[in-house]
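Dear colleague,

Please find the structure below, handed over for your own work. My notes on what was found in it follow directly after.

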Amino acid sequence: MEAEMGEGRFYQELSARMAQFELTLLDWAENHKGAREYVVFADKCWPAFPETFGFEPCYVNSRLAARGIPVACEVDIYGALSEYIGACITGDAVTLLDINNSVPKYIYDEDIKGKFDYKLTDTFMGFHCGNTPSCKMCSDRAIKYQLIQHRLLEPEGSEPDFTRGTLEADIAPSDITFYRLQCDSEGTLRAYVAEGEVLPVATRSFGGIGVFAIPEMGRFYRHVLIQKRYPHHGAVAFAHCGKALYEVFKYLGIGDIAFNQPASLPYPTENPFA
């Protein structure tokens, strides 16, 4: 773990504790998978985990995902299943990110406008505390602490203690497919798929985060993600694999497979006169 991060990019006093947690999860998975060949985790994380175990599980989660065992935060079972599907299709590491963070206009004006063929509403920040595998992050990645939890759970003005253990850096530029399989309150499966990219743009923020761009993302966010009440987590595969994902969802019998429709193709709930 320390070799992966490099000198000065980890908390030495936490390494043994995090390694013990990783080995425990691997042993538990091996001893409880039965006849099954593959394993995913949907873990309880904040705030219960750091307060109980004395560190954040994010970096360990990222290492499991890097070796083909997807881990979804916040007990997100369908997120874990979504990650697993993407890992099978790409044969590569995947991640799960929050999608409710916009790109500030000043970053768009400085680093995106005129350089990339995207509107401000096509962009968003893909973010999580630090569960993205290090192989998908920029070279300055390091084990740090969860800023929000530090403010909420630890004494004001104190040095981070049990909120340490996240993996932080900007996510490296890459093609991506953003997708999710979900079950609604009526027990009906639905899904969405959209292809885009992580832009080579500094986020000026914390956590595992990147500036994502998907054509017509603003409309897609409104008329699919919000309208159909999808959770705030989206799975990310680091390749354009929308065709394969769409076919998998069809094989699962899913009738509602949404995608980011072009401006020429309005959504059913979109006002054609707007």
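How many of the residues of strand S4 (residues 123-128) are buried? The strand is mostly covered, with 6 of its 6 residues buried, where buried means under 20% relative accessible area, exposed means over 50%, and partly exposed lies in between (1.4 Å probe, protein chains only). Helices (H or I, at least four residues) and strands (E, at least two) are DSSP runs, numbered from the N terminus.

Please note that this is a predicted model, in which local features need pLDDT of at least 70, side-chain atom pairs count only at pLDDT 80 or more, and totals for chains, interfaces and linings use all residues. Residues are numbered from 1 along each chain as its sequence is written, and side-chain values use heavy atoms, with hydrogens and water left out.

In a regular strand the side chains alternate between the two faces of the sheet. For S4, Thr123, Met125 and Phe127 lie on one side and Phe124, Gly126 and His128 on the other, and both faces are covered. Strands pair if DSSP finds at least two bridges between them. S4 runs antiparallel to strand S3 (residues 94-101), to which 2 bridges join it; Met125 is the bridge partner of Asn101. S4 is also antiparallel to strand S9 (residues 208-213), with 6 bridges, and there Thr123 stands opposite Ala213.

Turning to the helices, the axes of H2 (residues 12-32) and H4 (residues 58-66) come within 10 Å and cross at roughly 45 degrees. Axes are lines fitted to C-alpha atoms, for helices over the stretch in contact, and angles run from 0 to 180 degrees between N-to-C directions. H2 and H4 are therefore oblique to each other, given that angles under 35 degrees count as roughly parallel, over 145 as roughly antiparallel, 65 to 115 as roughly perpendicular and the rest as oblique. Met18, Phe21, Glu22, Leu25 and Leu26 of H2 are in contact (heavy atoms within 4.5 Å) with Tyr59, Val60, Arg63 and Leu64 of H4.

Met5, in helix H1 (residues 2-5), counts as buried because its relative accessibility is 4%. Leaving aside residues up to four places away in sequence, Met5 touches Tyr59 and Leu167, among others.

Val75 sits in the loop between strand S2 (71-72) and helix H5 (77-90) and is partly exposed, at 42% relative accessibility. Glu216 belongs to the loop between S9 and helix H8 (217-226) and is buried, at 17%.

Yours sincerely
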